[in-house]
Amino acid sequence: MKILGIESSCDETAVSVVEDGRHVLSNMVVSQIEEHKLYGGVVPEIASRRHCESIVNVTDLALSEAGVALSEIDAVAVTYAPGLIGALLVGVNFAKGLALAAGKPLIPVHHIRGHIAANYLAYPELKPPFLCMVMSGGHSHIVWVKSYTEFEIIGRTRDDAVGEAYDKAARALGFSYPGGVQMDKAAKEGDPSHYHLPKPRVEGCPYDFSFSGLKTAVLNLINNSRQKGETVVINDVAAAFQATVCDLIADRLMRAAKERKADKIVLAGGVSANSGIRERMQKECREAGMKLYMPPLCYCGDNAAMIASQGYFEFLNAAKAGMNLNGTASLPITDEKFDRI
């Protein structure tokens with residue numbers, strides 16, 4: 001079964017063709033990052049307009065690269081939430097029109113479910129259940145993946161997502177957008193013990209995160225040092241920040257894994273590309289005798305292959321439930337709990 005996936009939740013216009021949820025036939029991504037660098041972050045209106053300009057060509061390229069015609073596609077999957085509303089509307093409305101014109105079913109896919117599914121593309125043997133840490137610019141969640149379409153959120157951030165905290169701390173240190181990648185590089189050159197940063201906890205919620213206080217601590221450290229006429233060692237601040245983030249994630253994720261008796265831990269989302277987090281979780285899982293799955297760097301960020309992959313499993317689940325998926329039927333959006341993240 002071949003699924004055409006469409007992703008436009010932020011500043012990447014992406015289209016992919018994936019067969020049977022695991023085999024990537026094409027994965028085209030057009031990034032707007034160089035334009036948004038001018039403004040220090042993603043400008044929603046610009047992102048939406050660029051999606052409008054790119055989506056038709058990117059779709060043609062994806063079909064051509066896959067060597068299939070639109071008539072050979074079995075269904076169209078598209079990210080419906082969460083994300084920038086204008087950017088999402090471009091992808092969703094294009095997918096609706098494409099599915100209707102081609103007479104294909106339309107599959108709405110939750111963006112975070114897609115990030116989790118990115119690992120299915122790299123690891124054919126990976127199957128639920130498993131524990132997953134989803135971390136990106138807008139999300140930080142510990143998710144118990146019961147099946148390909150059943151999820152339980154057991155921990156989440158109460159304020160800033162880890163990617164957002166990285167970018168804001170990076171800006172305070174003078175790094176340009178996107179700052180998370182530069183923070184990661186600087187941390188490798190720094191001494192994490194030079195500065196002490198707090199490790200916020202949420203009382204009564206052992207698996208929840210709070211990254212806002214950590215970000216504020218970096219801002220206060222910089223301001224206090226400058227007021228005293230002291231030099232801020234940027235690499236050391238970056239190293240201390242990254243070490244603290246690694247401690248917070250490892251602590252909560254490993255405790256959750258032990259409680260759920262999980263033998264598989266999965267990382268997902270843009271921040272799963274962070275070298276410090278990857279190295280720390282490799283060490284933790286090795287010592288605990290658990291199997292760790294991390295997406296290749298090409299599947300960490302937003303892409304349409306992950307949407308097509310999850311769309312395949314959503315399609316199978318709907319078919320199993322007895323839905324008529326012939327023609328231009330659209331799968332319902334039913335998982336309200338997951339919609340709120």
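Author: Some terms come first. Ala, Val, Leu, Ile, Met, Phe, Trp, Tyr, Cys and Pro count here as nonpolar, Asp, Glu, Lys and Arg as charged, and the others, Gly among them, as polar. By that division, the lining of the largest pocket holds 16 nonpolar, 19 polar and 10 charged residues.

The model is predicted: local features need pLDDT of at least 70, side-chain atom pairs count only at pLDDT 80 or more, and totals for chains, interfaces and linings use all residues. Residues are numbered from 1 along each chain as its sequence is written, and side-chain values use heavy atoms, with hydrogens and water left out.

A pocket is an open set of points on a 1 Å grid over the protein atoms alone, where a 1.4 Å probe fits, with protein on both sides within 12 Å along at least five of seven lines; lining residues have an atom within 4 Å of a point. Its volume is the space filled by probe spheres set on the points, which are joined across faces, edges and corners. The largest pocket has a volume of about 1,400 Å³. Of its 45 lining residues, the closest to the centre are Ser136, Gly137, Asp167, Tyr177 and Pro178.

Helices (H or I, at least four residues) and strands (E, at least two) are DSSP runs, numbered from the N terminus. At least two lining residues each come from strand E3 (23-31) and from helices H1 (33-36), H4 (111-122), H5 (162-172) and H6 (179-188). H5 gives the largest share, six residues.

Pro178 lies in the loop between H5 and H6. The peptide bond that joins Tyr177 to Pro178 is cis, with omega near -5°. In general, most peptide bonds are trans.

Two of the lining helices also pack against other helices. Axes are lines fitted to C-alpha atoms, for helices over the stretch in contact, and angles run from 0 to 180 degrees between N-to-C directions. The axes of H4 and helix H10 (residues 305-320) come within 7 Å and cross at roughly 95°. H4 is therefore roughly perpendicular to H10, a term for angles of 65 to 115 degrees. By class, their contact (heavy atoms within 4.5 Å) has eight nonpolar, five polar and two charged residues.

H6 and helix H8 (residues 234-259) pack at about 105°, their axes 7 Å apart, so H6 is roughly perpendicular to H8. Met183, Asp184, Ala186 and Ala187 of H6 meet Asn235, Ala238, Ala239, Phe241 and Gln242 of H8.

Technical notes. Parallel < 35°, antiparallel > 145°, perpendicular 65-115°, else oblique.
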